[in-house]
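Subject: Structure handover

Hello,

Here is the structure for you to open alongside this note. My findings follow below it.

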Amino acid sequence: MQKIIDAISAAAVKIKKAIEFSDTGYSEHINKTGDTQLKLDIASDLIIEEEFAKVSSIKSIVSEEKDEAKLLHANGRYIVAYDPLDGSSLVDVNLSIGSIFGIYENGTNGSDLVCAVYVVYGPRVEMVATDKEVTLFRLNQNGKFVKIKEIKLNEKGKLNATGATQKGWAAYHKKLIDEIFAEGYRLRYSGGMVPDLHQILLKGGGLFSYPATTDAPKGKLRLLFEVFPFAFVFEKAGGAAVDGKKRLLELKPLHIHDTSPCFFGSNTEIKKVLNEYAKH
Ligand code: AHG
Ligand code: MN
Ligand code: MN
């Protein structure tokens, strides 16, 4: 497992350079989710694949930017699913973005996840990895990730990150969000799930929601490489992650690019979500 985390660290340093100095324009390809890939999405995907090809414990990889899973080492133990560059359309406005990794064993159901890692490319580069606990690392001037601290969520937070277009929200979702704001929660939402969730984790808690909408009844965020890894991080940090009715990590995707409505937060906020959604 350490070799996989080392490969992610090496890829992160290269991706950071690509973000800073390479072409931020669009390519001519459309990925499985229907997004036109940026040249940076493709470059980041290749950087990660190259690093993972050196790690013999990785059996196969699943990427947001590849239509199918790809076999790397037939005798490997792990399947690594990743979003090479999450929030990549925010590069041109110079906001923070990230990479997300889920490391699975035996299959790619939520219950097969054994480790989750994400990297934030912001003013500083940080990496969060799960072991028994959730650890924050920061890239230093020598190109090494050094441990900063363990991340632990409070029972209740103060931030509310409200995803998806409001026009498409269900009335009961709007009611839930309005009630949370009425309790004094502050809006914090950039449109990049990595920095938005990172902020909630580091500021002690709150709620991030990306619900079903009229035009996307199964939500937007992808289970294997966006939703499951963050669900794992939030649970390990002492919080919770649900689809509105049940734990996200109990879901069993039928296809590698499947999506789900999702809610991540500290326990108090997630209980509120479950209470409101149980009525519908
Ligand atoms: P990606 O850049 O990998 O396609 O994903 C972006 C995601 C996520 O970071 C964010 O929370 C969400 O898309 C925002 O989507 P909308 O602005 O379409 O609601
Ligand atoms: Mn993404
Ligand atoms: Mn992406």
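In which helix is Ala 11 found? Ala 11 sits in helix H1 (residues 2-21). Helices here are DSSP runs of H or I with at least four residues, strands are runs of E with at least two, and both are numbered from the N terminus.

Some ground rules. This is a predicted model, in which local features need pLDDT of at least 70 and side-chain atom pairs count only at pLDDT 80 or more, while totals for chains, interfaces and linings use all residues. Residues are numbered from 1 along each chain as its sequence is written, chains are lettered from A and ligands numbered from 1 in the order in which they are written, and side-chain values use heavy atoms, with hydrogens and water left out.

Back to Ala 11. It is buried, with a relative accessible area of 2%. Buried means under 20% relative accessible area, exposed means over 50%, and partly exposed is in between (1.4 Å probe, protein chains only). Leu 207 is 196 residues from Ala 11 along the chain, and their C-alpha atoms are 30 Å apart.

**Ligand 1**

The shell around ligand 1 has 16 residues. Asp 86, Gly 87, Met 193, Tyr 210 and Lys 220 come nearest. A residue is near if one of its heavy atoms lies within 4 Å. By type, the shell holds 5 nonpolar, 4 polar and 7 charged residues. Strand S5 (residues 78-86) gives the largest share, 3 residues. Why does ligand 1 lie between domain 1 and domain 2? Domain 1 (2-150) and domain 2 (159-277) both give residues to the shell, so ligand 1 lies between them. The domain bounds come from an automatic or database domain assignment.

Three side chains put an N or O atom close to a ligand oxygen:
- Tyr 210, at 2.6 Å
- Asp 86, at 2.7 Å
- Lys 220, at 2.8 Å

The protein covers 78% of the 480 Å² of accessible area that ligand 1 has on its own (Shrake-Rupley method, 1.4 Å probe).

**The manganese ions**

Ligand 2 is a manganese ion coordinated by Asp 83 (OD), Asp 86 (OD) and Glu 226 (OE), at 1.9 to 2.1 Å. Donors are N, O and S atoms within 2.8 Å of the metal (3.2 Å for Na, K and Ca). Water is not among the atoms, so sites may look incomplete. The donor spacing in sequence is D-x2-D-x139-E. Asp 86 in strand S5 and Glu 226 in helix H5 (residues 223-236) are 140 residues apart, so this pair links distant parts of the chain. Asp 86 and Glu 226 are both buried.

Ligand 3 is also a manganese ion. Its donors are Glu 64 (OE), Asp 83 (OD) and Leu 85 (O), at 2.2 to 2.4 Å. Their spacing is E-x18-D-x1-L. Glu 64 lies in the loop between strand S3 (58-63) and strand S4 (70-71), and Asp 83 in strand S5, so the pair ties together parts that are 19 residues apart in sequence. Both Glu 64 and Asp 83 are buried.

Which residue bridges the two manganese ions? Asp 83 does, and the ions lie 3.6 Å apart.

**One loop residue**

Thr 213 is in the loop between strand S13 (206-210) and H5. Thr 213 counts as buried, at 11% relative accessibility. Its side chain makes a polar contact with the side chain of Asp 215, at 2.9 Å. A polar contact is a pair of N or O atoms within 3.5 Å; within protein, one must be able to donate a hydrogen and the other to accept it, and residues adjacent in sequence count only if both atoms are side-chain atoms.

Best wishes

Technical notes
Ala, Val, Leu, Ile, Met, Phe, Trp, Tyr, Cys and Pro count as nonpolar, Asp, Glu, Lys and Arg as charged, and the others, Gly among them, as polar.
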